[in-house]
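Here are some friendly notes to read alongside the structure. Keep the 3D view open and find each residue as it comes up.

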Amino acid sequence: MKPSRRRFLAGAAASCAVSARAAAQAPAPDVDLLLVLLNDGSGSIDADEYRLQREGTAAALEHPQVLAAIGRLRTGAIAVAYGEWGTPGAPEAILPWTRIAGAADAADFADRLIAAPRRFQSYNAIGDALEMGIGMIGAAPFRAARATIDLAGDGPDMRSLVPAAAARDRAVAMGVTINALAIQTEGAFSRFGPLREHYETNVIGGPNAFVASARDRTDFAYAIFNKLVREIS
C-alpha cells in the first residue's frame, strides 16, 4: 500500500476513534438521520454549474416538503454536513454538522453554504470522497438511528487512493447507506459506460440505496429535492 494511502486511511480511522471516545464521555443530542452531502467540485464544473449545485442544495434543504418530512420524524430533526470532492486524497469538508429542526435552521445552513468560498478540486476521486464521508459520520456530535452519504457527480471514480467500491463496502459494513445523484451530461465519460450504471455498480450501497438522475445541472435542484424527501422519509 502506498504511504499516501496509508496516511489517508489512518486519518479516517483516527477520526472515528476520537468520536467514539467523545461519545462515551458525553451524551450527544438525538436526531433521526446523519446526512453527509458531497457535491462534485472537480475541474469539469465551471462557475455557473458550481453555483447551480450550491444553490440547488440550499433550496432543497429549505423546501417546505423537505421541512415537513423532517417534522414527521420521531425527533423532528436531522443533522447535515456538507463537503466537496475531486482531488485524490483531498476532498474538503465545507460546513460542519448542523442540527436542522425547522425553517430557521435550514435557512441558516443554506446561507452559510451559499457564502462559503469555492475550494477548487481536480479529477474525480469518488472513493476518497466516500472515505471522508465515513470520517465525518464517525466524528458527528449527534446520535442517530440512520446515517447516509449523499454523493452527486457528473463523472466516474478516477484516481482515488481508495477505490469507490472498497470505500462503499466499508461504509455499508458500518451501517451507512450511500445514495448517489448522477448528473448525466450528454456524452460525458462515455468510455466508462452510462454514469448511472457506474454509480449503481461502484458507489451506492446499504439498505434501500438508490441512484437518482439529473439531465443536466439546471435539473439538479429538482433532483436533489426529490432525493432528500426520499432519504428523510
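1. Let's begin with one term: a residue is called buried when its relative accessible area is under 20%. Asp150 has a relative accessible area of 2%, so Asp150 counts as buried. Please keep in mind throughout that you are looking at a predicted model.

2. Which residue does the side chain of Asp150 meet in a salt bridge? The partner is Lys227, with an N to O distance of 2.1 Å. This pair links distant parts of the chain, since Asp150 belongs to strand 4 (residues 143-153) and Lys227 to helix 8 (residues 220-232), 77 residues apart. Lys227 has a relative accessible area of 1%, so Lys227 is buried too. A further residue joins in here: Glu231 is linked with Asp150 and Lys227 in a network of salt bridges.

3. How many salt bridges are there? The count comes to 11. One of them is formed by Arg54 and Glu84, whose closest N and O atoms are 2.8 Å apart. Arg54 sits in helix 2 (residues 47-62) and Glu84 in strand 2 (residues 78-85), so this pair ties together parts that are 30 residues apart in sequence. Are these two residues buried or exposed? Both Arg54 and Glu84 are buried.

4. Next, look at Arg170 and Glu131, which form a salt bridge with their closest N and O atoms 2.7 Å apart. Because Arg170 lies in helix 6 and Glu131 in helix 5, the pair ties together parts that are 39 residues apart in sequence. Glu131 is buried, with a relative accessible area of 2%, whereas Arg170 is partly exposed, at 30%.

5. Helix 5 (residues 126-138) and helix 6 (residues 164-173) pack with their axes 7 Å apart and at an angle of about 20 degrees. Angles under 35 degrees count as roughly parallel, and helix 5 and helix 6 are therefore described as roughly parallel to each other. Their crossing is left-handed.

6. Which residues make the contact between these helices? From helix 5 come Ile126, Gly127, Leu130, Glu131 and Ile134. From helix 6 come Ala164, Ala167, Arg168, Arg170 and Ala171. Sorted by class, the contact has six nonpolar, one polar and three charged residues.

7. Tyr123 has a phi near 65 degrees, a positive value in a residue other than glycine. You can find Tyr123 in the loop between helix 4 (103-115) and helix 5. With 41% relative accessibility, Tyr123 counts as partly exposed.

8. Where is Asn208 found? Asn208 is in the loop between helix 7 (195-202) and strand 6 (211-214). Asn208 is not a glycine, yet its phi is positive, at about 60 degrees. The cut-off for exposed is over 50%, and Asn208, at 70% relative accessibility, therefore counts as exposed.

Methods
Residues numbered from 1 in each chain as written. Predicted model: local features only at pLDDT ≥ 70, side-chain atom pairs only at ≥ 80, totals over all residues. Heavy atoms only, no water. Axes fitted to C-alpha atoms, helices over the stretch in contact; angles between N-to-C directions. Helix = DSSP H or I, 4+ residues; strand = E, 2+ residues; numbered from the N terminus. Parallel < 35°, antiparallel > 145°, perpendicular 65-115°, else oblique. Left-handed = near helix turned anticlockwise from the far one by under 90°. Contact = heavy atoms within 4.5 Å. Nonpolar A, V, L, I, M, F, W, Y, C, P; charged D, E, K, R; others polar. Buried < 20%, exposed > 50% of the residue type's maximum accessible area, 1.4 Å probe, protein only. Salt bridge = Lys/Arg side-chain N within 4 Å of Asp/Glu carboxyl O.
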